[in-house]
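Colleague: I have some questions about this fold. Please show the structure before we start.

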Amino acid sequence: MRHGRSLRRGSLRTENDHLRAELIFPSRYLARKDRSLIRQGPDQLSWRSVARITHAIVPSLLTSHIFARAAAMAGMGRMKMMATQTTGISAAERQVREELAACYRIVARYGLSDLIYNHITARVPGSDEHLLINPFGVLYEEISASSLIKIDLAGDVIAPSSVSGLGVNRAGYVIHSAVHGARPDVACVIHTHTRAGCAVAAMQEGLLPLSQTALRFYGRIGYHDFEGPATELAERERLIVNLGSHDALILRHHGLLTCGRTIGEAFHLMQRLDAACQIQVAAMAGHPMLPSAESQTRTSEMLASGARAPGIPASGRIEWAALVRQQDRIDQSYKH
Ligand SMILES: [Zn+2]
């Protein structure tokens with residue numbers, strides 16, 4: 001590019017812009033046409049080209065970036081983005097969408113996700129029994145506010161994902177809609193398949209009161225027997241009976257489930273329950289001993305949700321606020 005030359009509208013404006021484009025857009029990710037555009041020089045690289053390339057490979061810049069990148073990585077090059085849905089979404093729903101998307105990212109970061117499987121659901125504010133759930137086929141780390149699907153308790157889609165062509169996994173809908181339908185106090189349900197959770201779910205004795213972390217759930221956790229993948233609606237009745245009024249459930253030979261009055265509480269419970277399972281699995285390698293019955297009861301009562309001392313914030317509130325701050329420092333693309 002010659003210095004002092006006035007560039008036509010729509011081209012990269014400086015040599016620095018060109019250099020930056022090459023740094024940002026590694027050629028191995030680019031289509032042949034885009035690579036040739038860059039080689040021809042900045043005058044040929046219009047902003048439209050930049051937008052297309054960015055759309056394909058740079059996750060943090062555009063609304064749809066992560067799905068295009070995920071599609072490329074998964075060999076799903078035809079995954080097509082729809083425009084971000086902005087109509088018909090209240091401010092309250094928007095807030096829940098962002099918070100739930102953050103929860104997916106945080107669950108992934110804490111190692112609690114299982115490829116594209118499992119679900120976290122949140123109730124949409126309002127009188128309608130609507131839930132937000134992840135599209136089946138997307139990693140937790142890729143979830144954003146607009147990619148979540150809105151469904152009703154019957155599993156019908158009320159608002160699709162911004163990722164076209166992806167629907168809801170039936171097993172997820174069966175389990176989560178059962179809890180939301182039976183427990184109006186529950187705003188969020190998290191279900192996981194972690195190794196430690198599945199290991200404890202396979203133990204005859206279930207979750208043992210081996211640690212202070214586990215004692216939070218002592219006498220306050222349900223068990224649901226394994227019936228195969230949860231695709232039958234009839235299982236929902238048995239599942240909610242087994243959950244009862246608890247906020248945690250061990251799905252035998254399957255995994256863990258927690259529910260909370262807020263998204264933060266549901267996450268906090270899941271993180272603590274999974275930690276308790278990890279501790280138990282580690283302790284079982286030796287000869288674990290239980291604390292005294294008196295200390296078990298006392299600790300359990302102190303740590304129970306809603307039983308915190310006056311002045312102590314509700315379960316999960318300050319922990320969740322800290323986690324969202326951490327997520328915002330790392331990547332805020334979940335808000336799109
Ligand atoms: Zn499952």
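Modeller: This is a predicted model. Of the 336 residues of the protein, 37% count as buried.

Colleague: What does the pLDDT average over the protein, and where is the pLDDT below 50?

Modeller: The average pLDDT is 78, and 71% of the residues score at least 70. Where pLDDT is low, the predicted coordinates should not be read in detail. That applies to a stretch that has 90 contacts in the model beyond near neighbours in sequence, yet a pLDDT below 50: residues 1–86.

Colleague: How many helices and strands are there, and what is the order of the strands in the sheet?

Modeller: The protein has 12 helices and eight strands. The sheet is open, with mixed pairing. Its twist averages 25° from one strand to the next. The order is β4-β3-β2-β1-β5-β8-β7-β6.

Colleague: Which are the edge strands?

Modeller: An edge strand pairs on one side only. The two that do so are β4 (157–159) and β6 (222–224).

Colleague: In β7, which residue is the bridge partner of G222?

Modeller: Strands of a sheet pair through backbone hydrogen bonds, either parallel or antiparallel. β6 and β7 (residues 248–251) run parallel and are joined by three bridges. In β7, the bridge partner of G222 is L249.

Colleague: Which helix lies across β6 and β7, and which lies across β1, β5, β7 and β8?

Modeller: The helix across β6 and β7 runs at about 155° to β6 and covers residues 235–243; this is α9. The other, residues 263–283, runs at about 150° to β8 (255–260) and lies across β1 (120–123), β5 (188–192), β7 and β8; this is α10.

Colleague: How far apart are the end C-alpha atoms of α6?

Modeller: Helix α6 (residues 170–182) has 13 residues, so at 1.5 Å a residue it should span 18 Å. The model agrees, with the end C-alpha atoms at 18 Å.

Colleague: What covers the buried residues of α6?

Modeller: The buried residues in α6 are G172, Y173, I175, H176, S177, A178, V179 and H180. Their cover includes β1, β2 (130–133), β3 (149–152), β5, α9 and β8.

Colleague: Is A171 buried, partly exposed or exposed?

Modeller: A171 is in helix α6. A buried residue needs 20 or more other C-beta atoms within 10 Å. A171 has 19, so A171 is partly exposed.

Colleague: How many Å apart in space are A171 and E232, C-alpha to C-alpha?

Modeller: In sequence, A171 and E232 are 61 residues apart. In space, C-alpha to C-alpha, A171 and E232 are apart by 8.1 Å.

Methods: Residues numbered from 1 in each chain as written. Predicted model: local features only at pLDDT ≥ 70, side-chain atom pairs only at ≥ 80, totals over all residues. Pairing = 2+ DSSP bridges. Helix = DSSP H or I, 4+ residues; strand = E, 2+ residues; numbered from the N terminus. Axes fitted to C-alpha atoms, helices over the stretch in contact; angles between N-to-C directions. Contact = placed C-beta atoms within 7 Å. Expected span 1.5 Å × (residues − 1). Buried ≥ 20, exposed ≤ 12 C-beta atoms within 10 Å, placed from the backbone. pLDDT = per-residue confidence, 0-100.
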